[in-house]
Amino acid sequence: MKSARFAAVLAATVLDTVALASIASAQSLTVARDDYPSSLGARGIVAADFNRDGWMDYATANEGPSGLSVLLNRGPAGRGFAASFIPLSGGPFDVAAGDLNKDAIPDVAVANADANTIDILFGRAAGGFTTPWRISTAGNPRGISIADIDGDGNLDVIYTMYQFSAVQIMHGDGKGNMVFRSDRPPCGANSQGIVAGDINLDGRLDLIVASATTTSLTVLLQSSTGSFSRRDVSGPHALNVLVTGDFNADGKLDVAGASTGSSAVDVFFGTGGAIAFGATYPSGPSPRGIAAADVNQDGRLDLMTGNRASSTVSVFLGGAGGAFSAASDYGAGAGSRAVAVADFDHDGRLDIATGNENASTTTVLSSTTSFVRAGSAFDRTIVGTQQRTGSGSATVGIADFDHDGRLDVAVHRWPGDSSCTSPVAEPCQGPSIRT
């Protein structure tokens, strides 16, 4: 009898769980749009808590004029962002963030395509950034990433050289110093977007590079000696920007890329030793930025592109087996080509920020979606704390003391504790219980 009842409850629970997951995955996203003053010509964007106040900020790499626009979250002081501007070398194209000198403060690296430089800005403890450290390079650097590529515990800077069809690595020492790697691993023609990830599950980071003029990805697999072997993976489109994630939840790293010329997103699935093309999806026109995050809270990664030609953001909701829905487009600022995802307003929902190339603004699309409450969700209720006042103390404990299925509260106060002036009418000695 008990077994039959348990089976019925279990079946009902499974059905409810499946139903909730289906509702969540099918649920469309709703957003509220806000535009904030910034600089013209945003090409790249990155989100991080730059001033370490617990509220996510973001920064854009701009070319009109060349510089970094930093948008600091006003947080509880008032809704919105406060912008500042830091001049950089000519033609910033992409931007990445990471703690390069191990001071627990985010730093920023910018690829300046027109000036053939990499600018590194170290975050300051009191907020803001140091004067940009300008590093000369060559080959029209476009895509940039920060990762511990050599596994020494220090973050490195990796960028693509568009004219040379190659990758350059600058090894970091954890103190903010950078040393150029002597070789430049070759990749597909006109290399642009670059990401790092362990494609073959050997514990070492590999590199995946988008080629803007050839219909293939370059995978640079890292060996135990730190050298790279090249594998080209065919796909239907030339790709410009990339993002990684486990889209089909099989424990293997997958890659998605946006094609500016073909207005499409191509998805490649990891096999454990390589990646292979899986599917393609039409996007808004001229996508030049891509991000991956679970924006509809169904446990699956979704994809977002910033579409320069239509000033929109396309959202592809993730489904079973790594499939994605058709794009849903949301209006943003003029030329919204770069996208970053974070919970900017602290409401538990992920929001989307865009860098707008053709407007002196950035846009934040704040999620206003009413999600189905998860079965494992918790509510927070504060019933008391251990406290000390003067020479005494009070301790609060919670348990079902009378076994009636309801939680009770036990307060243990000691003589000399000034909390005895509270309305609870127990003597200031020994434990007292409220059921």
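How many salt bridges does the count come to? The answer is 11 salt bridges. Keep in mind as you click around that this is a predicted model.

**Stop one: D298 and R300.** Select both and show their side chains. They meet in a salt bridge, with N to O at 3.6 Å. R300 comes out at 25%, so R300 is partly exposed.

**Stop two: R337 and E357.** Next, pick this pair, another salt bridge, where the closest N and O atoms are 3.0 Å apart. Colour by secondary structure and you'll find R337 in strand β26 (residues 336-342), while E357 sits in the loop between β27 (351-356) and β28 (361-367). The pair therefore ties together parts that are 20 residues apart in sequence. Buried or exposed: which is R337? Buried, with a relative accessible area of 4%. E357 counts as buried too, at 9% relative accessibility.

**Stop three: D347 and R349.** D347 and R349 meet in a salt bridge, 3.0 Å from N to O. D347 is partly exposed, with a relative accessible area of 31%, and R349 also counts as partly exposed, at 22%.

**Last stop: a network.** Finally, select R308, R337 and E357 together: salt bridges that share partners join these residues into one network.

Note on methods: Residues numbered from 1 in each chain as written. Predicted model: local features only at pLDDT ≥ 70, side-chain atom pairs only at ≥ 80, totals over all residues. Heavy atoms only, no water. Salt bridge = Lys/Arg side-chain N within 4 Å of Asp/Glu carboxyl O. Buried < 20%, exposed > 50% of the residue type's maximum accessible area, 1.4 Å probe, protein only. Helix = DSSP H or I, 4+ residues; strand = E, 2+ residues; numbered from the N terminus.
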